[in-house]
Amino acid sequence: MAAFLGVVAFFWPFLVAPGKFGSNYAPPLIFGVLLVIVLSVVISEIAEGGINSKALAMLGVLSAVNAAIRPLGAGTAGIETVFFILVLSGRVFGPGFGFTLGCTSLFASALITGGVGPWMPYQMFGCAFVGMLAGFLPKATGRKEVALLAAYGSASGYLFGFLLNLSFWPFSLDPNSSIAYLPGLPFTEQFQRYLAFDLATSLGWDTGRAVTNFICICLAGPAVLTVLRRAARKARFQAPIRFQPTPTTAGAPGDTKKDGSGLPHDQPSR
């Protein structure tokens, strides 16, 4: 449901007629619904055993780490330092954790850096998709896993830019432009206009983000994956519960014959 809401929020120019989804009240509405859905995702993960109290603590720690390192890049020339943690965390802890981490990381970062605005719910959704999709990547180990995550990190840099441009494309250009949003066009022609707009305005920034993700995952990926998986083992996320049967012996009542433990059969050992 959260992913579906995100798709509608981004692709509304292709789905909803103009004038029925006002730009003034849409971002606050999306933000409010997003917070409710993120809370629902966390509650459902807790109910299914995917997240427990220790995983919630890990979620808080990783959100704080992402919020702290994001200003190091600040988006200059497309350099973003927040995505490789999302990719690696989504890989280790699963898509639900990755989706929630993307939302909470951007929310905390926006509060710290003063980046609160109508763009924030779209950024939260964009990062949530990056973390969620990382949890659905196929299984791999060793260098193949690092290469897979690095390739996905590069692709996610372009994916994030592609999604974020949708949030302001209908309002940013003169309608007479050949790459502007034009209400009433068929989906294929409208999509071609958007692709041209995306390539012309943000390809360089998206490339910088993709290169940053690739380098960070290649350099820090093996160590961070080891740390995250060690933390998951130490915290015993989803630790299996095993019940051991009480030892019983077949002896007549009152039989006090001792076995190798030195205790009578009718007295259970502790």
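Okay, let's start with a term: a salt bridge here is a side-chain nitrogen of Lys or Arg within 4 Å of a carboxyl oxygen of Asp or Glu. Keep that one in mind, as R91, E145 and R229 are linked in a network of salt bridges.

Before we get there, some housekeeping. What you have up there is a predicted model, where local features need pLDDT of at least 70 and side-chain atom pairs count only at pLDDT 80 or more, while totals for chains, interfaces and linings use all residues. Residues are numbered from 1 along each chain as its sequence is written, and side-chain values use heavy atoms, with hydrogens and water left out.

So, the overall picture. The chain has 9 helices and 0 strands; those are DSSP runs numbered from the N terminus, H or I of at least four residues for helices and E of at least two for strands. There are 270 residues in the chain, and buried ones make up 43% of them. Buried is under 20% relative accessible area, exposed is over 50%, and partly exposed is in between, using a 1.4 Å probe and protein chains only. Now take contacts, meaning heavy atoms within 4.5 Å. Among those between residues at least 6 apart in sequence, 74% join residues at least 24 apart.

Back to the salt bridges. How many does the structure hold? It's 3. One of them pairs E145 with R91, and the closest N and O atoms are 2.9 Å apart. E145 sits in helix 7 and R91 in helix 4, residues 83-93, so this pair ties together parts 54 residues apart in sequence. Buried or exposed, what is E145? E145 is buried, at a relative accessible area of 4%, and R91 is buried too, at 14%.

E145 also forms a salt bridge with R229, and there the closest N and O atoms are 2.5 Å apart. That one links distant parts of the chain as well: R229 is in helix 9, residues 187-235, and E145 is in helix 7, 84 residues away. R229 counts as partly exposed, with 30% relative accessibility.

Then there's D206 with R209, closest N and O atoms 2.9 Å apart. These two both lie in helix 9, 3 residues apart, which is about one turn of the helix. D206 and R209 are both buried.

Let's stay with helix 7 and look at a neighbour. Helix 6, residues 120-134, packs with helix 7, residues 142-166, at an angle of about 150°, and their axes are 10 Å apart. For the record, axes are lines fitted to C-alpha atoms, for helices over the stretch in contact, and angles run from 0 to 180 degrees between N-to-C directions. Which residues of helix 6 meet helix 7? Among them are Y122, F129, V130 and L133, and on the helix 7 side the list includes Y152, L159, F160 and L163.

One last stop on helix 7: N165. N165 is buried, with a relative accessible area of 7%. Leaving aside residues up to four places away in sequence, N165 touches Y194, F197, D198, T201 and S202.
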